[in-house]
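Welcome! Take a moment to look over the sequence and the 3D view, and then let us walk through some charged side chains together.

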Amino acid sequence: MMDEAEFEDLELHVLTLAFQIDGLKQNKSSLTREQKASLEILEEDYRYYKSQYDQRVKKVEKIVSKEASFGDW
């Protein structure tokens with residue numbers, strides 16, 4: 001199970017990748033071949049880490065919803 005610090009690192013990594021991708025896409029017409037290749041790699045990494053992040057968020061939502069059921073009131 002992922003602890004809070006690992007989750008925060010994953011979240012920061014996803015946000016950093018998104019920021020890098022956005023910066024490269026804003027200058028997409030003037031990118032070199034190497035920068036375009038880097039953009040493709042960053043996008044692949046983003047999709048992978050974003051799916052990991054989304055799965056983790058779903059697990060947390062399930063735990064929270066179980067803990068906060070109305071029967072506990």
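## Charged side chains at a glance

Let us start with Lys-25, which is partly exposed, its relative accessible area being 43%. Keep in mind that this is a predicted model.

- Lys-25 pairs up with Glu-43: their side chains meet in a salt bridge, with 3.3 Å from N to O.
- This pair links distant parts of the chain, since Lys-25 sits in helix H1 (residues 4-26) and Glu-43 in helix H2, 18 residues apart.

- Asp-54 and Lys-50 form a salt bridge, and their closest N and O atoms are 2.8 Å apart.
- Where do the two partners sit? Asp-54 and Lys-50 are both in helix H2, 4 residues apart, which means that about one helical turn separates them.
- Asp-54 counts as partly exposed, with 29% relative accessibility.
- Lys-50 also counts as partly exposed, at 26% relative accessibility.

- Which residues form a positive surface patch? Look for Lys-58, Lys-59, Lys-62 and Lys-66.
- To find your way there, follow helix H2, which covers residues 33-67 and contains Lys-59.
- Residues in such a patch have over 30% relative accessible area and no salt bridge.

Conventions:
Residues are numbered from 1 along each chain as its sequence is written. This is a predicted model: local features need pLDDT of at least 70, side-chain atom pairs count only at pLDDT 80 or more; totals for chains, interfaces and linings use all residues. Side-chain values use heavy atoms; hydrogens and water are left out. Patches are made of residues with over 30% relative accessible area and no salt bridge: like charges are joined within 9 Å, nonpolar side chains (Val, Leu, Ile, Met, Phe, Trp, Tyr) within 5 Å. Accessible areas come from the Shrake-Rupley method with a 1.4 Å probe; for residues, only the protein chains shown count as cover. A salt bridge is a side-chain nitrogen of Lys or Arg within 4 Å of a carboxyl oxygen of Asp or Glu. Lys and Arg count as positive and Asp and Glu as negative; His and the chain ends are not counted. The place of a charge is taken as NZ of Lys, CZ of Arg, CG of Asp or CD of Glu. Helices (H or I, at least four residues) and strands (E, at least two) are DSSP runs, numbered from the N terminus. Buried means under 20% relative accessible area, exposed over 50%, partly exposed in between (1.4 Å probe, protein chains only).
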